[in-house]
Amino acid sequence: VAIGWQRLILETRFAEQPRLPLEAQPEAIDNLSRWCQREAGGSCQPEVDFMRAGYYEQTGDLERAIASALAAKSLEKSNPSLWEQELRLISRIYVHLGDRPHAIEAAQKSFALAGRLGAAGNQALSLRAISALHRSEGDYFTALREELDSVERFQRLNMSWQAGAGLGSVGALYEELGDYHRATDYFEQSLTSARRSEDPSEVEDSLLELANAALDQGQPDRAIALVRQSMRYEDVVRYQPFTARARLLLGGALARKGDYSRAIGWMEQGWRQFHDLGMQPATAECLIAIANCRLRMNQPAAAEEQFSAALRIAERADLVVQAAMAHGGLAELRLRKGELLAALQEFDAALAAVESIQKRIELPDLKASFAQESARLYEGVVQVCMMLDAIHPGEGFDRRAFDYSERGRARAFLDLLAESRADVNAGLTEEQRRRRKQEYRE
């Protein structure tokens, strides 16, 4: 009976913890830890470790967050329901640390455990976490399918707040794939849901997503207005990734208006915050954005340093999208400096990264933005080859230019075939098919 009462008191205090202001949580957690040692002989210490992990994750102290989360592993046997929540937290921390293999492992374990426990809502949350991981790998089709599935699950369970947040995630996926109108529609739905539920965190997030969509559609003034609206919630929400993201977006909007000095000032604030949080994908994106501004300001040395730093992060954390952006920036930089062979090498690397992503997108109407990026890179690499041929005639650069041009045309044609699902062997006899295969081999 005594143990039962101790557990009840613990769970009551645990439920109160998320509603505490962030600055009050360390003292509350320390008090609970002392109570745990005094009244329960330390038996509830794993629950306290879980609370510490959540606090450290919110403040961006990711090393302490993962250490505290892993220290609570005994929950797996003593409190499976709480351990399932812990697995989602562990997955989220690993995402911030750029450790995707461990992140997806934790998310998949959480999904399976929630299913065994019959926790349908938690299973939908785990599915959302898995979707976010596929998105970070550039597998946008799988991520979109999983996110839409999670939204449907939340709606069936009447979990309107979570469904609204999921709508924002769907919008973000459409945005990454270049379907800005559909993205904006989902962001508006998410914002309406957040305001209806009076959730300042989701309102701030939705406003930032809408600002990003406005920026992608060439509306920097609207983007600035939306970011400014989101900043009104910072003192209430106090979530550092949102704060950093607002600075990156504001800098991006100012850069679109040609105000590169002020843009860099805001972007550097975002970069420092993302770097301190250990969020490697966002850190790389900030560096690429700053480098592009430096390039426009004719500061090639600074631009090269920041493109290279972003590329190191992308390669270390296997960030395909950021690697493509960094290689593309370095290719433009080399071309401006007249280093044509180096530019050719960077264009090759950027094309390889973009095409590796494009192959994984199965929705035909979502290939557009990647097809445009691929076409831009092919134009750049053909231009470099023709310039090299003018300088070194007879060394095969004209042939390489032709090959790149044909690859670009073939890529567009293959996308068209995939979209129409045409069978190029339709109508051929078995003998004709065999002969065609033989000709290909020869």
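**The core and its surroundings**

Modeller: Of the contacts in the protein chain between residues at least 6 apart in sequence, 55% join residues at least 24 apart; a contact here means heavy atoms within 4.5 Å. The model is predicted, so local features need pLDDT of at least 70 and side-chain atom pairs count only at pLDDT 80 or more, while totals for chains, interfaces and linings use all residues. Residues are numbered from 1 along each chain as its sequence is written, and side-chain values use heavy atoms, with hydrogens and water left out.

The protein chain contains 23 helices and zero strands. Both are DSSP runs numbered from the N terminus: helices are H or I with at least four residues, and strands are E with at least two. Of the 442 residues in the protein chain, 49% are buried. Buried means under 20% relative accessible area, exposed means over 50%, and partly exposed lies in between (1.4 Å probe, protein chains only). The accessible surface of the protein chain is about 21,900 Å², and carbon and sulfur atoms account for 51% of this area; such areas come from the Shrake-Rupley method with a 1.4 Å probe, and for residues only the protein chains shown count as cover.

In soluble globular proteins, nonpolar side chains tend to be buried together. A nonpolar core is a set of buried Ala, Val, Leu, Ile, Met, Phe, Trp, Tyr and Cys residues joined through side-chain atoms within 4.5 Å. The largest one in this model has 50 residues, and Val 227, Leu 250, Met 267 and Phe 274 have the most contacts inside it. Several helices each supply at least two of its residues, among them helix 9 (140–156), helix 12 (200–216), helix 13 (220–231) and helix 16 (260–277). Helix 15 gives the most to this core, namely nine residues.

Val 227 shows how such packing looks in detail. Apart from neighbours within four places in sequence, Val 227 is in contact with Ala 211, Ala 246, Leu 249 and Leu 250.

After helix 7 comes Gly 118, with a positive phi near 75 degrees.

Asn 158 has phi near 60 degrees and lies in the loop between helix 9 and helix 10. Asn 158 is exposed, because its relative accessible area is 69%. Arg 238, with phi of about 55 degrees, lies in the loop between helix 14 (234–237) and helix 15. Its relative accessible area is 44%, so Arg 238 is partly exposed.

Charged side chains form links as well. A salt bridge is a side-chain nitrogen of Lys or Arg within 4 Å of a carboxyl oxygen of Asp or Glu, and by this rule there are 25 of them. In one, Asp 30 meets Arg 52 at 3.0 Å, N to O. Asp 30 belongs to helix 2 (residues 25–40) and Arg 52 to helix 3 (residues 45–59), so the pair ties together parts 22 residues apart in sequence.

In another salt bridge, the closest N and O atoms of Glu 268 and Arg 294 are 3.4 Å apart. This pair links distant parts of the chain, with Glu 268 in helix 16 and Arg 294 in helix 17, 26 residues apart. Glu 268 counts as partly exposed because its relative accessibility is 25%, whereas Arg 294, at 18%, counts as buried.

Helix 17 takes part again through Arg 296, which forms a salt bridge of 3.3 Å (N to O) with Glu 332. Glu 332 lies in helix 19 (residues 320–336), so this pair joins parts 36 residues apart in sequence. Finally, Glu 304, Arg 334, Lys 337 and Glu 339 are connected in a network of salt bridges.
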